[in-house]
Amino acid sequence: MIQDVKSLLGAVEKEVGKRIDLASDFEKLAHLFSVRHVPVSSLSLKKVWAHVHHAEKPSRETLDKLALFVGFQDWESFKETLHGDTDASVNYEDDRDKS
């Protein structure tokens, strides 16, 4: 699981165009999530980054939100893509497509 979480965090960092490691980075990242209507606290984000250093295990809800941020429906879809043949375009439904 750690490797999958590292991959997810790498995708988030790629999405925002920078490495996330300072307290202020987590605040800015939480704001970016809220702009995309995916509310997640900076503390929850910080916990996930700490998890890859074996400090704490992130919640499933937070992993789902991180996966959603980088174009997947949820954490399971992200993992399936990591270990399968699909990509984000198959797993992600843009709300604009639903109307």
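## Helix packing around α4

The model is a predicted one. On the α4 side, the contact involves Arg-60, Leu-63, Asp-64 and Ala-67. Facing them in α5 are Trp-75, Glu-76 and Phe-78. By class, this contact has four nonpolar, no polar and three charged residues.

Helix α1 covers residues 2–16, and helix α4 covers residues 60–69. The two pack at an angle of about 45°, with axes 9 Å apart. That makes α1 oblique to α4. The crossing of α1 past α4 is left-handed. From α1, the contact draws on Val-5, Leu-8, Leu-9, Val-12, Glu-15 and Val-16. Their partners in α4 are Leu-63, Leu-66, Ala-67 and Phe-69. Here the residues divide into nine nonpolar, no polar and one charged.

How do α2 and α4 lie relative to each other? Their axes cross at roughly 70° and come within 11 Å. The two helices are therefore roughly perpendicular. Leu-29, Leu-32 and Phe-33 of α2 meet Lys-65, Leu-66 and Phe-69 of α4. This contact has five nonpolar, no polar and one charged residues.

| Helices | Angle | Axis distance |
|---|---|---|
| α1 and α4 | about 45° | 9 Å |
| α2 and α4 | roughly 70° | within 11 Å |

Next, the aromatic rings. How many aromatic pairs does the structure hold? There are four. One of them joins Phe-26 and Trp-49 in an edge-to-face arrangement. The ring centres are 5.6 Å apart, with 70° between the planes. This pair links distant parts of the chain, 23 residues apart. Phe-26 sits in helix α2, while Trp-49 belongs to helix α3 (residues 42–51).

Finally, confidence. The chain has a mean pLDDT of 84, and 84% of its residues reach 70 or more. Which helix has the highest confidence, and which the lowest? Helix α2 (residues 23–35) is highest at 94. Helix α6 (residues 88–91) is lowest, at a mean of 48. Over residues 90–99, pLDDT stays under 50. For that stretch the model has 12 contacts beyond four places in sequence.

Technical notes. Residues are numbered from 1 along each chain as its sequence is written. This is a predicted model: local features need pLDDT of at least 70, side-chain atom pairs count only at pLDDT 80 or more; totals for chains, interfaces and linings use all residues. Side-chain values use heavy atoms; hydrogens and water are left out. Axes are lines fitted to C-alpha atoms, for helices over the stretch in contact, and angles run from 0 to 180 degrees between N-to-C directions. Helices (H or I, at least four residues) and strands (E, at least two) are DSSP runs, numbered from the N terminus. Angles under 35 degrees count as roughly parallel, over 145 as roughly antiparallel, 65 to 115 as roughly perpendicular and the rest as oblique. A crossing is left-handed if the near helix is turned anticlockwise from the far one by less than a right angle, and right-handed if clockwise. Contact means heavy atoms within 4.5 Å. Ala, Val, Leu, Ile, Met, Phe, Trp, Tyr, Cys and Pro count as nonpolar, Asp, Glu, Lys and Arg as charged, and the others, Gly among them, as polar. pLDDT is the predictor's confidence in each residue, from 0 to 100. Rings of Phe, Tyr and Trp (its six-membered ring) pair if their centres lie within 6.5 Å; planes under 30 degrees apart count as stacked, over 60 as edge-to-face and the rest as tilted.
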